[in-house]
Amino acid sequence: VQVPRVRNATRLFAGHNHFCVLDTRQRLTCWGANSMGQTGSRRERRSPPRVVAGTGPIRSVSLGDDFSCLLNEDGGIRCWGDDFSNDGQPGPSHRPARHPTIANVTDIALAGENLCFLIGGVPHCMGVNRRRELHVPTPEMGGIVIVPTAVPGVSGISGRASLGGHFWLSGFLLFSQVFGPKAAGVPIQPSHHERFAGVISG
């Protein structure tokens, strides 16, 4: 079945229950589940394909469970849905909001309720960290990291960071809750691997 009102798409992005495409005119069109405004439309249970307003020039896009983010060409990040708003507090919004302090980003990756991004080859993360999924300290807000925090012990990363139940960061495998609390959040370098430019998340 062809998705209606979507033409000239060049890239496709998938979240938990919503999708987006970027077309040849650099327009971002999203559709699907929209309980938190994650498709860029006003909050409704389901949204048909609609162009997301207020994106700016787009370099990359990533989708999580109930929120969406994009990386602008100038290295800034904009997010919408059940994300982290400009004041650093969780709150749903269908309007892409630029984070006021994050800059010089080269790539982004969302998974579940988490956002990670690369600055100078170092991954920084924010989001839900109750089981140390992000391998960063959680000093407040009941296991939610609201301040972008560098992941300790990981640097020199190039290419795309990707998150999931476990995830690869260009040569490093970071365990999360799927391996249990002992291994949770511990970055290791696999003993058998080749250098790689792409990633897979699960």
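Modeller: Counting bonded cysteines along the chain, the disulfides of this protein follow the pattern 1-2, 3-4, 5-6. Here a disulfide is a pair of cysteine sulfur atoms within 2.5 Å. Before going on, note that this is a predicted model, where local features need pLDDT of at least 70, side-chain atom pairs count only at pLDDT 80 or more, and totals for chains, interfaces and linings use all residues. Residues are numbered from 1 along each chain as its sequence is written, and side-chain values use heavy atoms, with hydrogens and water left out.

Biologist: What is a disulfide in general, and how many does the structure hold?

Modeller: In general, a disulfide is a covalent bond between the sulfur atoms of two cysteines. This structure holds three disulfides. One of them is formed by Cys20 and Cys30, with sulfur atoms 2.0 Å apart. The link of Cys20 and Cys30 is right-handed, with 105 degrees about the S-S bond.

Biologist: Which parts of the chain does the pair of Cys20 and Cys30 link?

Modeller: The general idea is to look up the strands, which are DSSP runs (E, at least two residues) numbered from the N terminus, as are helices (H or I, at least four). Cys20 lies in strand S2 (residues 18-23) and Cys30 in strand S3 (residues 28-33), so the pair, 10 residues apart, links distant parts of the chain.

Biologist: Where do Cys69 and Cys79 lie?

Modeller: Cys69 and Cys79 form a disulfide with their sulfur atoms 1.9 Å apart. This pair also links distant parts of the chain: Cys69 is in strand S6 (residues 67-72) and Cys79 in strand S7 (residues 77-84), 10 residues apart. A further disulfide joins Cys116 to Cys125, S to S 1.9 Å.

Biologist: Are Cys69 and Cys79 buried or exposed?

Modeller: Buried means under 20% relative accessible area, exposed over 50%, and partly exposed in between (1.4 Å probe, protein chains only). Cys69 is buried because its relative accessible area is 0%. Cys79 has 7% relative accessibility, so Cys79 counts as buried. Cys116, with a relative accessible area of 4%, is buried, and Cys125 is buried with 2%. Cys20 and Cys30 are buried as well.

Biologist: Which residues is Thr29 in contact with?

Modeller: Contact means heavy atoms within 4.5 Å. Leaving aside neighbours within four places in sequence, the contacts of Thr29 include Cys20, Phe19 and Val21, along with Pro49 and Arg50. Thr29 sits in strand S3, and Thr29 is buried because its relative accessible area is 8%.

Biologist: How many aromatic pairs does the structure hold?

Modeller: Rings of Phe, Tyr and Trp (its six-membered ring) pair if their centres lie within 6.5 Å; planes under 30 degrees apart count as stacked, over 60 as edge-to-face, and the rest as tilted. The structure holds one aromatic pair. Phe19 and Trp31 form this stacked pair, at 6.1 Å centre to centre and with 25 degrees between the planes. Phe19 belongs to strand S2 and Trp31 to strand S3, 12 residues apart. Phe19 is partly exposed because its relative accessible area is 34%, whereas Trp31, at 14% relative accessibility, counts as buried.

Biologist: How many bridges join S5 to S6?

Modeller: Two strands pair if DSSP finds at least two bridges between them. S5 and S6 run antiparallel and are joined by five bridges. Ser60 has Leu71 in S6 as its bridge partner. A hairpin joins S5 to S6 through three residues. Strand S5 (residues 58-63) is mostly covered, with five of its six residues buried.
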